[in-house]
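I opened my notebook to look up a few things in this structure. My entries follow.

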Amino acid sequence: MDPSASFSSSAADQVVRRAAVIARHLRDPAGGTPSASSLLVPAACLHYSPPEASEKASFDSCEMRRLMDGHDLEARDWLFRVMEESLLFCPRRRGGEKVFVVPDYNQTKEQQREVTMRRIEYLLGRGVFDGWLTGRGPEAEMRKFAFFECLGIYDHSLAIKLGVHFFLWGGAIQFFGTKRHHDKWLKDTENYDVKGCFAMTELGHGSNVRGIETIATYDSNTEEFVINTPYESAQKYWIGGAAKHATHTIIFSQLHINGANQGVHAFIAQIRDADGNVCPNIRIADCGHKIGLNGVDNGRIWFDNLRVPRENLLNSVADVLPDGQYVSSIKDPDQRFAAFLAPLTSGRVNIAVNAVYISKVGLAIAVRYALTRRAFSVSPNGPEVLLLDYPSHQRRLLPLIAKTCAMSCAANFLKSIYVKRTPEANKTIHIYSSALKATLTWHNMRTLQECREACGGQGLKTENRIGILKGEFDVQSTFEGDNNILMQQVSKALLGEYIAVQKRKKPFKGLGLEHMNDPCPVIPTNLTSCTLRSITFQTDLFCLRERDLLNRFASEVSQYQNHGESKENAVNLSYQLAEELARAFTERKILQTFMDTEMTLPAGPLKDVLGLLRSMYALICVEEDASFIRYGYLSLSNAAAVRKEVMRLCTDVRPHALAVVNSFGIPDAFLSPLAFDWIEANSWSFLNTD
């Protein structure tokens, strides 16, 4: 037989088959001549069917939502309804009777800023902010966190505008101020009679707050501080609210008294009058258009011999007496400086938690789309296959779901220790908030990118949210502390704990490092599926990595010091181990919080699903971190076993995917048309309709 003839016949068959597929897409259902209005009609493969029709939940999604949200579910749902009820939140009907609320990103920068402020005024009138600064106790703080999370799901600009006003400006007055400041400013701030901003970052200094260049010089003759911007690099930069709406600010500057620099301190200053005019001795400029967050009026500020009264020094940490005497209960300058960074902790908590919820939004949209969108068939005349039934698509999205669920538990842990904070716990909270802010925001950006790609071209449409959320949330990686620097701080803190233990010759205590006191875990030579999914194995492996990396980091720093390097430079030279250690510490803590949540459940379907997700989280962390192989924690054969087990877990998690994303608690109106009947939403009949 002629091989070329066989090849030609095979090619012809493929052409015929492909032509038939195309014909089915274009065929008129009545078989007659197609009219202009029915030229293109959906074929069977493009018939939308709600995923709930075929995806049956094996567990109670509402119960899982209670675990993931953790608190204030009724209050959250009330606030979602408050936003849905107002035209300010741009309700728009798309596809059938579905109404979605999403900001109009086609507006100009100026329009977005104004509507953000109008939304704040509306929410103020509905009582959303009652008690945000004057309320007391953990319950009030948790309710504030819950509301802030809901507002962030709608619009990042709205959340950041509120965050600057309440958590930074208001938080600084709460933490740094004393009764005279609380009485004068907190209620007016809560009622928005005062609009505050937070002038810490400068053009030349961001993460290095200790190096800021703005100067406040005390004048004992008038009992005033004279504040100046001595260089262009000292201009305050990226100050949210400064360009348009803020009336007051907290100024962070170096305090000079009688020629001596007492370090960074915070001062209250008015920057606009009641009519919105910039005050004398102050210059303000706009930071301009950004890749996201254009509803926030970021500005730049210069001070030219600005005088503020002595009483405007926030003096809970240190004070200046009328005669210029400097007094502080904290004698150590380093500890005093650390106390001034307290408001940033609440900001990092908010950022970390909000990042998890945006990951949930992206995954809920991408998974629902993948359960209704089909592509290609595996047989000549067979139906096209759902995206989420492809193993490769499962591998893209399902591990991200597991990570998001694990990080949701970690976020709840972070909030709980923050609202119960004591002065003794400040260092611990700083370490955890730094680690989780960095890890959860990095995860959010990776998740949004994967979800965008998993939705194909539809992911590019602004109305489908995922693409625009990338630009809106990209800033999370660098504001309130650059993520890489935050992780370095985590490693340095762990090194400090290690050195202290060695000096005291006492066991490790705190930060979950107690496992360092136990014998070194031993990993089995051959890992079965049962072993890989066991809590004991996962805990042992994560603890083995963390303890070994901490030992290696401490040893390498010591070696550099023995060769004449300063401790600071030795730590900088050991940055690779520092990065690996911070990652190990953070992932171990996230795993622990996920396990703790799982352990609260009785035996049943929900606990089984959480077990699958927990195993998925643990093993995907192992697969993605080369240190498990680099330092010999796993053999090559065991690493291969982990990789195979991840695929088995994808298969096991797949039937629960819809129920899990439904448990995220995101109302339909806050998702997008792509998560529902995307065919009808794109039909001719809904073109240009609201």
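I take contact, or touching, to mean heavy atoms within 4.5 Å. This is a predicted model, where local features need pLDDT of at least 70, side-chain atom pairs count only at pLDDT 80 or more, and totals for chains, interfaces and linings use all residues. I number residues from 1 along each chain as its sequence is written, and side-chain values use heavy atoms, with hydrogens and water left out.

**Entry: Glu480**

I began with the UniProt record. Its unreviewed entry puts the feature "active site" at Glu480. UniProt positions are in the numbering used here, feature names are shortened, and annotations may be inferred rather than shown by experiment. I found Glu480 in the loop between helix H12 (466-473) and helix H13 (483-504). Helices (H or I, at least four residues) and strands (E, at least two) are DSSP runs, numbered from the N terminus.

Is Glu480 buried or exposed? Buried means under 20% relative accessible area, exposed over 50%, and partly exposed in between (1.4 Å probe, protein chains only). Glu480 counts as buried because its relative accessibility is 17%. I then listed what Glu480 touches, not counting residues up to four places away in sequence: Leu168, Leu344, Gly347, Arg348, Ile351, Lys437 and Leu486.

The unreviewed UniProt entry places "domain: Acyl-CoA oxidase C-alpha1" at residues 344-495. Over residues 344-495 I read 70% helix and 5% strand, with the end C-alpha atoms 23 Å apart. Residues 540-671 are 78% helix and 0% strand, and their end C-alpha atoms are 39 Å apart.

**Entry: helix H17**

Thr586 lies in helix H17 (residues 575-599). Thr586 is buried, because its relative accessible area is 2%. Leaving out residues up to four places away in sequence, Thr586 touches Ala435, Leu436, Thr439 and Met487.

How do helix H10 (residues 391-419) and H17 cross? Their axes come within 8 Å and cross at roughly 85°. Axes are lines fitted to C-alpha atoms, for helices over the stretch in contact, and angles run from 0 to 180 degrees between N-to-C directions. H10 and H17 are therefore roughly perpendicular to each other. The cut-offs are under 35 degrees for roughly parallel, over 145 for roughly antiparallel, 65 to 115 for roughly perpendicular, and oblique for the rest. Residues of H10 that meet H17 include Ala402, Cys405 and Phe413. On the H17 side I noted Lys589, Ile590, Thr593, Phe594 and Thr597.

**Entry: strands**

I found an open sheet of three strands in the order E6-E10-E9, with antiparallel pairing. Two strands pair if DSSP finds at least two bridges between them. The edge strands, E6 (236-240) and E9 (282-286), each pair on one side only. Three bridges join E6 to strand E10 (residues 298-303). Gly240 stands opposite Asn298 in E10.

Elsewhere, I checked strand E3 (residues 196-199). Gly196 and Phe198 on one side of E3, and Cys197 and Ala199 on the other, are all buried. E3 pairs with strand E7 (residues 248-257) in the parallel sense over four bridges. Ala199 has Ile251 in E7 as its bridge partner.

**Entry: the core**

A nonpolar core is a set of buried Ala, Val, Leu, Ile, Met, Phe, Trp, Tyr and Cys residues joined through side-chain atoms within 4.5 Å. The largest one has 210 residues. Phe129 is among those with the most contacts inside this core. Helix H9 (residues 342-370) gives the core its largest share, 17 residues.
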